[in-house]
Amino acid sequence: MTVLVSGATGFMGSAITRHLLAAGYRVRAMGRSAERARSVLGSFNECRQALGEGRLTFVSADLTQPQTLPSAVAGVEVVIQAAQFPGAPNEDPGKGFTYMNVDRNGTMNLLEAISAVYWARTAGPGLVRFPSGSPRFLYLSGITVREEAPERWNRAKWQAEEAIRGSGLDWTIIRSSWAYGPGDAALNTIIRYSDFLPMMPLFGDGEEKSTPVFVEDVGRVFTLAVAAANATDGLTLQLGGPEIMTMNEILRTALAVMRRRRPLLHVPKPVGHVQGALMQFLPGRPLTPMAVDFSSQGGVADPTALRGLFPDFEPMRLRDALATYLPARRR
Ligand SMILES: NC(=O)c1ccc[n+]([C@@H]2O[C@H](COP(=O)([O-])OP(=O)(O)OC[C@H]3O[C@@H](n4cnc5c(N)ncnc54)[C@H](OP(=O)(O)O)[C@@H]3O)[C@@H](O)[C@H]2O)c1
């Protein structure tokens, strides 16, 4: 079975790719540059082994360039959409790097490309949409996504989800909680401050609750969902780690794992908004007001449905997962 992974070079997509390969699947890794994808994924053991076995291939395709997508989706059994715009959550409308343009419209473009490749005409007058052999569509969404949510990131992903649900394809949507791991851009950035600051800064009071999930568990769940087609079709599932924690507790756990003592510095959100309003004009837009809200939103997963489907799946506790990669880098 060949799985197209859109966003295969990303934090989440590379974990999904590695776990699929470790389970024996063939993966077509999609990014805007196949050369970059080859170089990024080539650093992982599972990918190097699969390359040697001919199970890992690469395709250059851009979600915002519909003409590049049909060749990416042709001949695969599963499509996993795990891409988002570069630099998220700091939107850069001038470059088209926005939730609406990439996360929503890009997902819709991918669905359109599947239609273009797989729609079939019957012997009679009608069209048969998606005959057998059409790919399943798995979407990596976010735990805070809701129809009524006012935030742009939630609206964009809700609309992408709705397009998937109405596509006629077999589909599964997995709404992940905030994820962490060796390659994440969020927790690692905050932790890096403790390398040179006597405190750990964070926006807000740090009391919003979430169910932080280890990125390896995201890879494991997608691989389970690919295998369990019948059981997961038509489901919107929630994925989180096993603990409900505040951001304060998450950072204190990270400090404990690193055996560091640092007080947390709570930067009021209005101050963060002013910082974001200024820093959005710096090269690379390191912070925007919207990113301040995004980073302090929390989000708790209800694990009931996932547990029912995969009773043997036990996501890792934060402390245990952090201990697999933090000590070597930070102590
Ligand atoms: N990180 C989390 O904690 C978390 C939690 C819940 C849900 N999610 C969701 O998971 C998804 C992936 O997040 P992530 O953190 O893994 O993102 P990421 O590390 O920023 O990776 C983004 C990926 O998207 C690809 N990409 C960007 N623009 C593209 C385009 N125009 N066409 C095709 N590919 C494009 C990038 O590939 P190239 O640069 O190689 O083209 C890259 O592989 C997002 O939808 C995010 O909302 C993430």
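The legends below describe several close-up views of a predicted model.

**View 1. The shell of residues around the ligand.** In this predicted model, the ligand is surrounded by 28 residues, and the closest of them are Gly10, Met12, Gly31, Arg32 and Ala83. Two or more residues of this shell come from each of the following elements: helix H1 (11-22), helix H2 (34-41), helix H5 (99-118) and strand S7 (136-142). When the residues of the shell are sorted by class, 13 are nonpolar, eleven are polar and four are charged.

**View 2. Strand S1 and its two partner strands.** Strand S1, which covers residues 2-6, is mostly covered, since four of its five residues are buried. On one hand, S1 is joined by five bridges to strand S2 (residues 26-31), and these two strands run parallel; within this pairing, Ser6 stands opposite Met30 of S2. On the other hand, S1 also pairs with strand S4 (residues 78-81), again in the parallel sense, over four bridges, and here Val3 stands opposite Val78 of S4.

**View 3. The β-α-β unit.** Strand S1, helix H1 and strand S2 together make a β-α-β unit, and this unit is right-handed.

View 4. In helix H3, which is made of residues 45-53, the residues Glu46, Cys47 and Ala50 are buried. Seen down the axis of H3, the buried residues fall within an arc of 95°, and therefore they line one face of the helix. The face that is turned away from this buried side carries Asn45 and Gly52, which are exposed. The cover over the buried residues of H3 includes helices H1 and H2 as well as strand S3 (56-60). After H3 comes Gly54, a residue whose phi is positive, with a value near 75°.

**View 5. Gln159 in helix H6.** Gln159 is found in helix H6, which is made of residues 152-165. Is this residue buried, exposed or partly exposed? A residue counts as buried if 20 or more other C-beta atoms lie within 10 Å of its own, and as exposed if 12 or fewer do; Gln159 has 19 other C-beta atoms within 10 Å, so it is partly exposed. Gln159 and Asp233, which are 74 residues apart in sequence, are 19 Å apart in space, C-alpha to C-alpha.

Note on methods: Residues numbered from 1 in each chain as written. Predicted model: local features only at pLDDT ≥ 70, side-chain atom pairs only at ≥ 80, totals over all residues. Near = placed C-beta within 6 Å. Nonpolar A, V, L, I, M, F, W, Y, C, P; charged D, E, K, R; others polar. Arc of directions from axis to C-beta. Contact = placed C-beta atoms within 7 Å. Pairing = 2+ DSSP bridges. Right-handed = clockwise from strand over helix to strand, strands pointing away.
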